[in-house]
Amino acid sequence: KDPLAASATYVRFNRPEAMLACIILKSKNLGLNVIVTNHHNNRILNKDWKDKTWESRKIDFLQQSNTIMESLQEWNSFVLYEILNEPNGDPYGSPPTLLNNNEWNEVLKHFFDGRKGSTSLTFVIGGSDWNSIHALEELEVPADANGGNIILTVHYYDPPCFTQAYEKRFSSECLDPLKVQE
């Protein structure tokens, strides 16, 4: 199976997979590894989203993840899959919801129990609360999960006044002390 031919097919139909295939193949040609991340798709896990139950949302998330994994399988020697970047619920939703450690561990158990296909794809996993180092301590990854093909990730945002100084919620209080005195 020629991945270039497959990507050419995707390009003709202008699908998101086309862009992904092109980026992956370009990266491979440059000798780079790739991490494909399920980035900011927390709404699928939002407890109040679209009047769905928590169980049905976990199933939706697993179905979406299986679709992504199937599309990455042929490149598993240099492509890694981050199951969910910065799991946190949907803090910007209406109403905002947060995904706690127990719920994220439940999602991961559901993910590893229900995923389809080969386990040769390496997974990147972080704790809840935006991949917090504190949540990593409570992360429960099954001992036999994926044959050990797992990389743990941490996003460290402390102190937020420094690491996120240009976010509107921190701007004035963080930047005022940093202004250069003339």
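Which helices and strand each supply at least two residues of the lining of the second largest pocket? In this predicted model, they are helix H2 (16-29), strand E1 (34-39) and helix H3 (54-72).

**The pocket**

Let's start with the space itself. The second largest pocket holds about 250 Å³. Eleven residues line the pocket, and the closest to its centre are Glu-17, Leu-20, Thr-67, Ile-68 and Ser-71. H3 gives the most to this lining, with five residues. By class, the lining has three nonpolar, five polar and three charged residues.

**H3 beside H4**

H3 also has a helix partner to look at. Two packed helices are described by the angle between their axes and the distance between the axes. The axes of H3 and helix H4 (residues 101-114) come within 10 Å and cross at roughly 50°. At that angle, which falls between the limits of 35 and 65 degrees, H3 and H4 are therefore oblique to each other. The crossing of H3 past H4 is right-handed.

On the H3 side, the contact is made by Trp-54, Glu-55, Lys-58, Ile-59, Phe-61, Leu-62, Ser-65, Asn-66 and Met-69. H4 brings Glu-103, Glu-106, Val-107, His-110, Phe-111 and Gly-114 to the contact.

Here are the residue classes for the pocket lining and the helix contact:

Terms used:
Residues are numbered from 1 along each chain as its sequence is written. This is a predicted model: local features need pLDDT of at least 70, side-chain atom pairs count only at pLDDT 80 or more; totals for chains, interfaces and linings use all residues. Side-chain values use heavy atoms; hydrogens and water are left out. On a 1 Å grid over the protein atoms alone, a cavity is a set of points where a 1.4 Å probe fits but cannot get out, and a pocket is an open set with protein on both sides within 12 Å along at least five of seven lines; lining residues have an atom within 4 Å of a point. Grid points are joined across faces, edges and corners, and a volume is the space filled by probe spheres set on the points. Helices (H or I, at least four residues) and strands (E, at least two) are DSSP runs, numbered from the N terminus. Ala, Val, Leu, Ile, Met, Phe, Trp, Tyr, Cys and Pro count as nonpolar, Asp, Glu, Lys and Arg as charged, and the others, Gly among them, as polar. Axes are lines fitted to C-alpha atoms, for helices over the stretch in contact, and angles run from 0 to 180 degrees between N-to-C directions. Angles under 35 degrees count as roughly parallel, over 145 as roughly antiparallel, 65 to 115 as roughly perpendicular and the rest as oblique. A crossing is left-handed if the near helix is turned anticlockwise from the far one by less than a right angle, and right-handed if clockwise. Contact means heavy atoms within 4.5 Å.
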